Amino acid sequence: MILALPRGARIEDFANGCRSAALDFINRVSADKAVLADWLRGAYATHVVAVSAMRTRRIDSSGVMPGALSKLLTHSRLEVLSALELARDPIEGVAFGYSALASGFLYRARDAEGREGWVPVAQPRMRLTDRVLSLVAADHLLRSHDYEMAMFECTRCEMLVFDAERVDGRVCAAHASDVRELVKGASRRAIAG
């Protein structure tokens with residue numbers, strides 16, 4: 001089955017949205033229940049296709065064990081980061097892609113211009129990790145080279161970013177203004193002259 005994206009939607013733009021939503025989870029979602037709910041209803045929901053109506057009843061947070069959300073998010077983030085490390089490797093990245101396809105959490109899609117790609121599928125009772133990895137896989141299957149050559153963790157803010165121009169320096173655009181980062185190995189005194 002191949003899903004047709006709405007008229008005007010492009011596969012590349014959809015993949016960009018999936019990447020952005022996955023990075024948003026990794027870089028922003030914390031142990032705050034409201035932030036997680038915001039991500040699930042916003043960035044995540046915008047980039048997935050729901051296969052069936054979600055039938056979940058509201059759970060009173062008083063029944064949730066203290067620290068359970070924090071453990072869930074920590075575990076999910078670690079699993080996603082491990083999968084991203086695999087995706088960076090040219091050989092292991094292929095295995096990551098096949099695993100994602102075998103999971104059933106992706107559907108093939110085509111835009112109005114005939115370009116093909118993948119869309120994540122939201123299924124009832126999916127693990128949080130699988131929700132994030134489906135976003136990563138939809139992007140990775142279209143642009144695996146970016147994962148191999150442009151993805152890094154900023155040494156300053158520890159945010160995961162894609163930036164081929166800054167990958168060697170390992171400093172994101174927000175921290176690239178520091179002169180020491182612009183000239184590798186140079187001290188501030190040597191640059192000031």
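Student: What share of the contacts between residues at least 6 apart in sequence join residues at least 24 apart in this protein?

Tutor: In this predicted model, 59% of the contacts between residues at least 6 apart in sequence join residues at least 24 apart. The protein is built from eight helices and six strands, and 36% of its 193 residues count as buried.

Student: Why is Phe25 called buried?

Tutor: The relative accessible area of Phe25 is 0%, and buried means under 20%, so Phe25 is counted as buried. Trp39, with a relative accessibility of 0%, is therefore counted as buried by that cut-off.

Student: What makes Phe25 and Trp39 an aromatic pair, and why is the pair called tilted?

Tutor: The count of aromatic pairs comes to three. For Phe25 and Trp39, the distance is 5.1 Å centre to centre, and the limit for a pair is 6.5 Å, so these rings pair. The angle between their planes is 55°, while under 30 degrees would be stacked and over 60 edge-to-face, so the pair is tilted. This pair links distant parts of the chain, with Phe25 in helix 1 (residues 11–28) and Trp39 in helix 2 (residues 33–46). Ring pairs also bring Tyr44 into a cluster with Phe25 and Trp39.

Student: How do you know that Tyr98 is exposed?

Tutor: Tyr98, which is found in helix 4 (residues 90–103), has a relative accessibility of 59%, and exposed means over 50%, so Tyr98 counts as exposed. Together with Val94 and Leu101, Tyr98 makes a nonpolar surface patch of about 290 Å².

Terms used
Residues numbered from 1 in each chain as written. Predicted model: local features only at pLDDT ≥ 70, side-chain atom pairs only at ≥ 80, totals over all residues. Heavy atoms only, no water. Patch = residues over 30% accessible without salt bridge, like charges linked within 9 Å, V, L, I, M, F, W, Y side chains within 5 Å. Areas by Shrake-Rupley, 256 points an atom, 1.4 Å probe, with all protein chains shown as cover. Salt bridge = Lys/Arg side-chain N within 4 Å of Asp/Glu carboxyl O. Helix = DSSP H or I, 4+ residues; strand = E, 2+ residues; numbered from the N terminus. Buried < 20%, exposed > 50% of the residue type's maximum accessible area, 1.4 Å probe, protein only. Contact = heavy atoms within 4.5 Å. Phe/Tyr/Trp six-rings, centres within 6.5 Å; stacked < 30°, edge-to-face > 60°.
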